[in-house]
Amino acid sequence: MEKKLAKKYWKENLKYLLILLSIWFTVSFGFGILLIEELNQFKIGGFKLGFWFAQQGSIYVFVILIFIYIFLMNKLDKKYNLK
């Protein structure tokens, strides 16, 4: 892969990482800590929603984001002829 294409590939990869990590940060820190009082007004599975996000929701979101990252990277690899 030539240097120019490698830079473009890495730039897109970093863009995906920043977006996905921002989503995870928002869910884990924002929903699990900052917005807990507002979210606790709702229940999911018998638990307050803020508690659920702090304990399990952020883990589920993280796992889903891993699969999204895999999908995006496979697409990016095909775009740059790496697979």
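Helices, of at least four residues, and strands, of at least two, are DSSP runs numbered from the N terminus. In this predicted model, the protein chain contains three helices and two strands. Their order, read from the N terminus, is α-α-β-β-α. The radius of gyration of the protein chain is 17 Å, whereas the globule rule gives 12 Å for 83 residues; the chain is therefore more spread out than a compact globule. Along the principal axes, the C-alpha atoms occupy a box of roughly 55 × 20 × 15 Å.

Of the 83 residues in the protein chain, 27% are buried.

A nonpolar patch is present on the surface, formed by Leu21, Trp24, Ile59, Phe62, Val63, Ile66, Phe67 and Ile70. Together these residues have about 720 Å² of accessible area. Two or more residues of the patch are given by each of the elements α1 (3-34) and α3 (49-79). Helix α3 provides the largest share, with six residues.

One of the patch residues is Ile70, which is located in helix α3. The relative accessible area of Ile70 is 42%. Since buried means under 20% and exposed means over 50%, Ile70 is therefore classed as partly exposed.

Methods:
Residues numbered from 1 in each chain as written. Predicted model: local features only at pLDDT ≥ 70, side-chain atom pairs only at ≥ 80, totals over all residues. Heavy atoms only, no water. Patch = residues over 30% accessible without salt bridge, like charges linked within 9 Å, V, L, I, M, F, W, Y side chains within 5 Å. Areas by Shrake-Rupley, 256 points an atom, 1.4 Å probe, with all protein chains shown as cover. Salt bridge = Lys/Arg side-chain N within 4 Å of Asp/Glu carboxyl O. Buried < 20%, exposed > 50% of the residue type's maximum accessible area, 1.4 Å probe, protein only. Rg over C-alpha atoms; globule rule 2.2 N^0.38 Å.
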